[in-house]
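Me: Hi! I'm new to this one, could you walk me through it?
Reply: Happy to, here it is.

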Amino acid sequence: MTGENDETPDRRGDRPRSPDGPPREGHRFDTRAIHVGQDPEPATGAVVVPIYQTSTFAQPHVGEHLGYEYARTGNPTRTALQECLASLEGTDAAVCFASGLAGEDAIFRLLSPGDHVVMANDVYGGTWRQIAQVHARWGIEVTAVDLADLDAVAAAFRDTTRLLWAETPSNPLLKILDLAALAEIAHDRGARLAADNTFATPYLQQPTSLGADLVVHSTTKYIGGHSDVVGGAVCTDAATAEELAFLQNAVGAVPGPFDAWLTLRGVKTLGVRMERHSANAARIAEALVEHPKVTGLRYPGLADHPAHRLAARQMRAFGGMVSFQVAGGIEAAKAVAERTELFFLAESLGGVESLIEHPGLMTHASVAGTELQVPDDLLRLSVGIEDVNDLIADLESALA
Ligand SMILES: *Cc1c(COP(=O)(O)O)cnc(C)c1O
């Protein structure tokens, strides 16, 4: 971390666009994932950052401490994770939270009553629920638009718009948004761009290199990667991170040290896993593309995805998420979701094991009847890192 407090939007827009992000620590992505924030522990030489399972820290003198006072405010295991994630996203700092939604809550609390947010109309259901049913009660206004339609985005801005909220690839429709174009629209109008980078991870795409001001993650997903921990992170400039850390300490949604440790263990293999997730998902998309029971197949790596070329420009690979509709409607889709054996029927995504779910009745049930609609015959796959031939055979037998 540079600790600079004088970041301006202009300087933030100037970051290099190498797929590995700024080489500020002198090493590439996979090396930084394993080393940044993770020097051997000085007292014993332990090569793994310890789980500092303590609520408080002894202080040598009154009013003087060794960097940590009380574990809501800070914990060394959390610090290690934050330094590593900031390095991977190419930001000054990261602030880790008890969940992705806790991180989003902190971002919305940077706003004041009367402020307006322009948000993708197919955001994660929990993001929509939080802004529309929680922050709206405290005077935050929101407009949902198709962020792929840049004219509609510009038209949705008001004098009071402070934040543009994008998610790409989107969940569950796998739309790809042009982050550089969205950043320009937001900055021209004095607003900031927040990008939910949960689906892509910093391995596939670094939104701040395209102009985003804040990057939010559900680390529960690919970053943790093993479906064994819930967490969140916001990566941003030093001044904004300080505001978020203030809010986090004041509000209290901190991750415990063991959760931070599990997440950091996941991060070490992020690059290797994302390569395999992406390769497996590409093979599955190829296998489903001609399948007679499959319609509306969505995968950004397919040449006929409406934003395939944008995805190829913006991302290193196309990720592990695939969505498709099932011929025969909602009942046929539910039957397929219940018949797979390797693909567990479950919410969430991004773990090493493959998952299948019905967004309309599961993850996105909270958006039913709102302007955020998903087709009722849509299924979403989180393609794991098992042998892809077994995964294809599982899907083919469930579709048969
Ligand atoms: C899961 C998810 C979230 C919310 O994160 P939690 O860790 O479940 O609170 C936000 N955005 C996206 C894209 C997600 O998939």
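Me: What order do the strands of the open sheet come in?
Reply: The seven strands are arranged 1-7-6-5-4-2-3, with mixed pairing. Strands are DSSP runs (E, at least two residues) and helices are runs of H or I with at least four, both numbered from the N terminus. Two strands pair if DSSP finds at least two bridges between them.

Me: Which strands stand at the edges?
Reply: Strand 1 (93-97) and strand 3 (141-145) do; each has a single partner strand, so one side of each has no neighbour in the sheet. On average, neighbouring strands are turned by 20° against each other, direction ignored.

Me: Before we go on, where do these values come from?
Reply: This is a predicted model, where local features need pLDDT of at least 70 and side-chain atom pairs count only at pLDDT 80 or more, while totals for chains, interfaces and linings use all residues. Residues are numbered from 1 along each chain as its sequence is written, and side-chain values use heavy atoms, leaving out hydrogens and water.

Me: How many bridges join strand 6 to strand 7?
Reply: Five, and strand 6 (residues 214-218) runs antiparallel to strand 7 (residues 232-236). Leu 214 stands opposite Thr 236 of strand 7.

Me: And which strands does helix 9 touch?
Reply: Helix 9 (residues 238-251) packs on the sheet against strand 1, strand 5, strand 6 and strand 7, and its direction makes about 20° with that of strand 1. Contact means heavy atoms within 4.5 Å. Axes are lines fitted to C-alpha atoms, for helices over the stretch in contact, and angles run from 0 to 180 degrees between N-to-C directions.

Me: New topic: which residues touch the most other members of the largest nonpolar core?
Reply: Leu 147, Leu 163, Leu 164, Trp 165 and Leu 193, out of 45 residues. Such a core is a set of buried Ala, Val, Leu, Ile, Met, Phe, Trp, Tyr and Cys residues joined through side-chain atoms within 4.5 Å. The largest share, five residues, comes from helix 7.

Me: Is Ser 278 buried or exposed?
Reply: Ser 278 counts as buried because its relative accessibility is 5%. Buried means under 20% relative accessible area, exposed over 50%, and partly exposed in between (1.4 Å probe, protein chains only). Ser 278 lies in helix 11 (residues 270-289).

Me: What does Ser 278 touch?
Reply: Leaving aside residues up to four places away in sequence, Ser 278 touches Leu 204, Tyr 299, Ala 317, Phe 318 and Gly 319.
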